[in-house]
Amino acid sequence: MGAEKIQVIEGRALPLRGDDMDTDRIMPARFLKSITFEGLQAHVFEDDRLAAARAGQVHPFDDPRFQGASILLANRNYGSGSSREHAPQGLRRWGIRAVVAESFAEIFFGNSLMIGLACVTASPQDVAALMSLVERDPNASLTVDLQAGTCQAPGQTIAISIPGHVRDALMTGAWDTTGLLLDNYEQVDAVAAKLPYLAGF
Amino acid sequence: MGKTLLQKVWDLHKVRTLPTGQTQLFIGLHLIHEVTTPQAFDALRQRGWKVARPDRTFATVDHIVPTRQRQRPFIDVMAEDMIASLERNTADFGVPLYDIGDDRQGIVHVIGPELGLTQPGMTIACGDSHTSTHGAFGAVAFGIGTSQVRDVLASQCIALEPLKVRRIRVTGQLPRGVYAKDVILTIIQRLGVAGGNGYAYEYAGDAIERMSMDERMTICNMSIEGGARVGYANPDETTFQYMEGRPFAPQGEAFARAKAWWRSIASDRDASYDDEVEIRAAELTPVVTWGVNPGQSIGVKGRVPGASGADAQVSDALAYMGLTAGQPIAGMKIDVAFIGSCTNGRLSDLQEAARIVRGHHVASGVKALVVPGSVAVQKAAEREGLDATFREAGFDWRDAGCSMCLGMNPDKLEGNQVCAASSNRNFKGRQGSPTGRTLLMSPAMVAAAAITGVVTDVRELVDEVPAGVR
């Protein structure tokens, strides 16, 4: 497998508070109207950023303190809704290489794995602690260590969870699955041959 | 110990356990559309791969197509680019395409069942989260992202983790004016928008068994809004009657053999479930969403929450919606009424809405539109004169597509308009305007709101609201 081996992600973090951040918010549908994923990084959370600016606030993705961050901190059910891969594609292209959240929506989690964006979970208390730490000290460097199952931050180390197969796929570079699915293709043909609806019943 | 339908279908389609521990699952039917596939076809070209099973891959256009002025090239250059790309890709790789101008064009989750492509016992994948719709037939249907679309194109397989199964039994009689949409909105409200994470939802119980296929599709469609990637109902006589005579359904003696097999893949009586929930149909009322996710809903007679204290998520949603904590949802003014989508854009949905609309007129200041889910739905409705009913009442009657469900075509909310919508998502900005507001409800409730101009209990509008479930 030729994909990058993803074992440790180190960098500054961006705290994004709120549950149920759906993929329509992460990447509004109008930016799906393209035949490539290029340029999506410019539109991550675009409508939320505009709304924040109108309200005289600064959205974390616009906050100069968090530019260049590579680890996203999020709350519960991150990435709910649409199956658009444009959402994790936009985040990855913006520079996010790992997301630490309380929990993820299933399709977003799977789509992220497919592009080598590591999604790991941590307890609500630990996520809250990391968010506070990063808001106090935006320059703090975090280290997500998939093998150790930890996220290290200055002064604290928290436990992270990731399903074993997801961790293995990322760590061994087996997250690009197509090659794997094409191996031993006679097995696929054998399964198809047994299906009544493909055999005219 | 018996097995669930999910276990049976999973076992039948399992190729092997991958080194990663995931299951390699064969996909019996791959449905594709213009928005989530261009990058997948590009990946195939870059790697020199073919489409493994063009005979099991079917394409249509739905997300970006205009619902009027459909002559080519489209006015929207980017939309034209996307549709041209799908035309090129399907031609190059030998995949059938039901394009603009074809009688089989429509929303991918409407045409699959209509054509008989969707069948019990299949595994189905599509680059759209509402693929769970096809579960209404006892298929196991997954919404996938573009990289997985690439995988399915190249190998007709995907890598997945096994799912748990939660049986949701809907028991008893639904009150009049309460529809399948109200059932699924209630389920999502009770179990939460993340409640189905890791689960397939099996919808069972006598209320589901009495439902038509259209109604079961509405329920399965919104499984993902409750966090469940897969939702299904067991196939039965209603399913078989729907299947019979469809273009891609087995014919003649093969149909009889198919029925026997379809029956055999239903969940066994002694199957065990990872979780069970019961919903009592008699307790349900028409439901309206008040917030910014499909779990934030109340009965039409209810008051929006937030009066008793500060919950940041509730206050944020209320502020976005322009609602005051504790206010009744009935009476909220609407600007737009949208009837359509893969959730509620089928013939029976339009029939029900037309029954409410007949003899009334859209309230002044309200823009109302009906977008049939497919060309077939559109033509069937026109044969019944529903188009005239809607037009006379002041609705726009449009051509088939996803339209204002997600506003990727010219049908968008403007500014912070409030839309009564029969679609599936009320996320911030969902309907094409970053500040637009969506109230999800049944098509009959949308029709009622269109007529009165405010959120209205459909049961009070007309005396003769027929029961939603026959």
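Student: Which residues touch the most other members of the largest nonpolar core?

Tutor: Keep in mind that this is a predicted model. The largest nonpolar core holds 219 residues, and the ones that touch the most other members are A:Leu73, A:Val100, A:Val144, B:Ala337, B:Ala420 and B:Val446. Helix 16 of chain B (residues 443-452) gives this core its largest share, eight residues.

Student: Let's take one of those. Which residues is A:Val100 in contact with, leaving aside its neighbours within four places in sequence?

Tutor: The partners of A:Val100 are A:Ile71, A:Leu73, A:Val120, A:Ala122, A:Val127, A:Leu130, A:Val144, A:Cys151 and A:Ile160, once neighbours within four places in sequence are left aside. You've met A:Leu73 and A:Val144 already, in the list of core residues that touch the most other members.

Student: Okay, now chain A as a whole. How many helices and strands does chain A have?

Tutor: Chain A has eight helices and eight strands. Its C-alpha atoms fill a box of roughly 65 × 40 × 25 Å along the principal axes. Of its 201 residues, 48% count as buried. Now look at contacts in chain A between residues at least 6 apart in sequence: 71% of them join residues at least 24 apart.

Student: And where does chain A touch chain B? Which helix of chain A supplies the largest share of that side?

Tutor: Start with the totals: 52 residues of chain A are in contact with 63 residues of chain B. On the chain A side, at least two residues each come from helix 1 (23-26), helix 2 (46-54), helix 4 (106-114), helix 6 (164-172), helix 7 (178-182) and helix 8 (185-193). Helix 4 of chain A supplies the largest share, five residues. Sorted by class, the side of chain A that touches chain B has 23 nonpolar, 16 polar and 13 charged residues.

Student: How do I read a pair of packed helices?

Tutor: Two packed helices are described by the angle between their axes and by the distance between those axes.

Student: What should I look for in the backbone?

Tutor: Most residues other than glycine have a negative phi, and most peptide bonds are trans. Here, the peptide bond from B:Arg72 to B:Pro73 is cis, with omega near -10°. B:Pro73 sits in the loop between strand 4 (57-60) and helix 3 (77-93) of chain B.

Student: Where is A:Asp20 found, and why does A:Asp20 count as buried or exposed?

Tutor: A:Asp20 lies in the loop between strand 2 (13-16) and helix 1 of chain A. A:Asp20 counts as buried because it has 25 C-beta neighbours inside 10 Å, and the cut-off for buried is 20 or more. Its phi is near 55°, a positive value in a residue other than glycine.

Student: What about B:Gln156: buried or exposed?

Tutor: B:Gln156 is buried, with 29 other C-beta atoms within 10 Å. Phi of B:Gln156 is positive too, near 60°. You'll find B:Gln156 in the loop between helix 5 (146-155) and strand 8 (157-160) of chain B.

Definitions and conventions
Residues are numbered from 1 along each chain as its sequence is written. Chains are lettered from A and ligands numbered from 1 in the order in which they are written. This is a predicted model: local features need pLDDT of at least 70, side-chain atom pairs count only at pLDDT 80 or more; totals for chains, interfaces and linings use all residues. A nonpolar core is a set of buried Ala, Val, Leu, Ile, Met, Phe, Trp, Tyr and Cys residues joined through C-beta atoms within 7 Å. A residue is buried if 20 or more other C-beta atoms lie within 10 Å of its own, exposed if 12 or fewer, and partly exposed in between; C-beta atoms are placed from the backbone. Helices (H or I, at least four residues) and strands (E, at least two) are DSSP runs, numbered from the N terminus. Two residues are in contact if their C-beta atoms, placed from the backbone, lie within 7 Å. Ala, Val, Leu, Ile, Met, Phe, Trp, Tyr, Cys and Pro count as nonpolar, Asp, Glu, Lys and Arg as charged, and the others, Gly among them, as polar.
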